[in-house]
Amino acid sequence: MASDDQPGAGESITLDTLQRDVLVPQIQAFLDATNDPQARETYLSLKSAVESLEIPSVLQLRLGAIVEVALTSGRVRRLFGPAAELSLNALFLKTPRGREVAQSLAELNKALATLKGQTVEQITSSQRSPGAYSLTLKTSNCQIVIRFEQGGVRVESLEVDLDR
């Protein structure tokens with residue numbers, strides 16, 4: 001493993017028993033909802049991997065999608081409580097999608113660091129399209145536009161040295 005918290009590319013993700021107990025019924029709900037043989041095969045493989053507490057890299061995208069749906073719908077918290085929600089949030093960060101989101105946040109934080117020590121002169125928000133929004137922060141030296149959308153958050157633009 002790359003570290004205690006993050007699997008390296010191609011490495012498996014190890015689950016704990018709480019994650020298994022929360023995920024098995026979620027996967028079963030997906031199984032019950034589909035008649036597509038290929039999808040059923042994937043869900044059955046994922047369910048088996050979850051039951052064994054070891055998720056191979058080939059199933060991690062699907063695991064991440066199920067975890068994301070379970071968390072964003074509020075279903076996990078409602079059915080299993082806040083401890084289960086925290087546990088699945090930690091698990092999500094180990095999935096390819098979770099790592100992608102973490103990377104985009106790291107890049108955003110790096111861009112926001114350019115504002116340190118500056119006085120914010122203007123903050124505005126706008127809708128770019130349904131489900132996509134932007135936040136503009138302007139100082140005398142810098143303007144940053146941050147885009148928030150279903151796929152995550154990203155710096156849309158960064159202008160520096162505005163007075164020159």
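This is a predicted model: local features need pLDDT of at least 70, side-chain atom pairs count only at pLDDT 80 or more; totals for chains, interfaces and linings use all residues.
Q: How many residues lie between S4 and S5 in their hairpin, and what makes these strands a pair?
A: Three residues lie between S4 and S5 in the hairpin. Two strands pair if DSSP finds at least two bridges between them.

Q: What makes a DSSP run a strand or a helix?
A: A strand is a run of E of at least two residues; a helix is a run of H or I of at least four; both are numbered from the N terminus. S5 covers residues 142-149 and S6 residues 152-160.

Q: How do you know that S5 and S6 are joined?
A: Eight bridges join them, and they run antiparallel. Isoleucine 146 stands opposite valine 155 in S6, and isoleucine 144 has leucine 158 as its bridge partner. The hairpin of S5 and S6 has two residues between the strands.

Q: How many bridges join S3 to S4, and which residue of their hairpin takes a positive phi?
A: Seven bridges join these antiparallel strands. Glycine 131 takes the positive phi, near 85°.

Q: Why do S3 and S6 stand at the edges?
A: The open sheet has the order S3-S4-S5-S6. S3 and S6 each have a single partner strand, so one side of each is left without a neighbour in the sheet. Neighbouring strands are turned by 20° against each other on average, direction ignored.

Q: What makes H2 roughly perpendicular, rather than parallel, to H3?
A: H2 (residues 37-51) and H3 (residues 60-72) pack at about 85°, with their axes 10 Å apart. Axes are lines fitted to C-alpha atoms, for helices over the stretch in contact, and angles run from 0 to 180 degrees between N-to-C directions. Angles of 65 to 115 degrees count as roughly perpendicular, under 35 as roughly parallel, over 145 as roughly antiparallel, and the rest as oblique. The angle of H2 to H3 therefore makes them roughly perpendicular.

Q: Which residues make the contact of H2 and H3?
A: Contact means heavy atoms within 4.5 Å. H2 gives Thr42, Tyr43, Leu46 and Val50; H3 gives Arg62, Leu63 and Ile66.

Key:
Residues are numbered from 1 along each chain as its sequence is written. Side-chain values use heavy atoms; hydrogens and water are left out.
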